[in-house]
Amino acid sequence: MPTTFHLYQIIVLAVSFFMLYQGTTNFFKGKSGQTLFKLLVRYAVWGGMIVVTFFPNITFLIAKSVGIIDNINAVILTGFLLIFLMIFKLLSAIERLEQNISELTRKEALKDLPKNNL
Amino acid sequence: MSDKNSRIFIVVPAYNEEAVIESVIREIQSYHYSNLIVVDDGSTDRTAERLSSLDRVITLRHRINRGKGAATKTGIEAAKLLGADVIVTLDGDGQHDPADIAKLTLPILQKRADVALGTRLINPAGMPWHKIIHNKLGNLLTWYLFGLWVTDSQSGFRAYSRQAVEKINTRGDRYEYESEVIREIYIYKLTFKEIPIRVRYTDYSMNKAQKQSFCNGVRTAGKMLWKLIA
């Protein structure tokens, strides 16, 4: 465990604790869509961030045990690329949905047209 | 109504324009244009109520707000279904002077152009300086992305021939729609004329939240770029 913390570590800790707090309260308030599985995933992701912040060397141990210690940069780069592709696909899907919504809205509006007379 | 005007359809997209929509429509009607299509783009104020009190106006309503481009397109589709020969689009906030409709439709009726683009920047007297800069940046981006230089790529006051609207196919729902029309003019090699128009910048039109602000301009530019790669 480090004796001094950098600013980025403090920020990561603050964000992680906030996300865990929010997930826990949402779950116990019974908000819609908050399942136990989602809560566990949230704990795994943000809890993992907290663990890494307190014990940064753990990432090397994990990389070593998995066998990617020499290729860690390639793994990180591939991760970024995958995330970029996912964002691209998501934005494309949103764009398509937006256009479909507009088209439906237009069709519905034009249904009234024959009833109107100048 | 003159025979010439009976072939002209005016499309007015309106979103939360309860304060001015009645006067805008009455002013257009005072120039003897009776084929009016107003698209209420999911207004949350009393725009729909105001429109229902008007005679000789076709009112279409978007159940939810889809943006100026989407509303304009709905109006144009309606005009096509009603057999329009010439379609004019103008804003619902009263900034466009209906007296200029005749100037815009003239080259279309005389078959000298497929599209007439109202331009504020040939004679920008009275136009706020930030609007001038904003529009020039819009022109530059439109030219860079779509390959056609026009003096006012963001103007919503335009006239189209029937042939032009049959070809023009836009995807933009919001303010990027105006630039997409320029792209379509370029792609389909439509003939166009730029017609100087008068714009009335009132406190009302300048203070509306959904108008082209700097942030909206950045968002519009982002959407134009996105549509090129998506």
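## Helix packing and salt bridges

In chain A, α1(A) passes α2(A) in a left-handed crossing (left-handed if the near helix is turned anticlockwise from the far one by less than a right angle, right-handed if clockwise). The axes of helix α1 (residues 7-29) and α2(A) come within 9 Å and cross at roughly 160°, which makes α1(A) roughly antiparallel to α2(A). Axes here are lines fitted to C-alpha atoms, for helices over the stretch in contact, and angles run from 0 to 180 degrees between N-to-C directions; angles under 35 degrees count as roughly parallel, over 145 as roughly antiparallel, 65 to 115 as roughly perpendicular and the rest as oblique. Helices (H or I, at least four residues) and strands (E, at least two) are DSSP runs, numbered from the N terminus.

This is a predicted model, in which local features need pLDDT of at least 70 and side-chain atom pairs count only at pLDDT 80 or more, while totals for chains, interfaces and linings use all residues. Residues are numbered from 1 along each chain as its sequence is written, chains are lettered from A and ligands numbered from 1 in the order in which they are written, and side-chain values use heavy atoms, with hydrogens and water left out.

Between the chains, helix α4 (residues 72-110) of chain A and helix α4 (residues 68-81) of chain B pack at an angle of about 40°, with their axes 10 Å apart; α4(A) and α4(B) are therefore oblique to each other, and their crossing is right-handed.

Over all chains, 20 salt bridges are found, a salt bridge being a side-chain nitrogen of Lys or Arg within 4 Å of a carboxyl oxygen of Asp or Glu. Three of these pairs are tabulated here.

| Pair | N to O distance |
|---|---|
| A:Glu103 and A:Arg106 | 3.2 Å |
| B:Arg63 and A:Glu108 | 2.6 Å |
| B:Arg66 and B:Asp173 | 3.6 Å |

A:Glu103 and A:Arg106 both lie in helix α4 of chain A, 3 residues apart, about one turn of the helix. A:Glu103 counts as partly exposed at 34% relative accessibility, and A:Arg106 as buried at 4% (buried means under 20% relative accessible area, exposed over 50%, partly exposed in between, with a 1.4 Å probe and protein chains only).

The salt bridge of B:Arg63 with A:Glu108 crosses between chains, from the loop between β3 (57-62) and α4 of chain B to helix α4 of chain A. B:Arg63 is exposed at 61% relative accessibility, and A:Glu108 is partly exposed at 27%.
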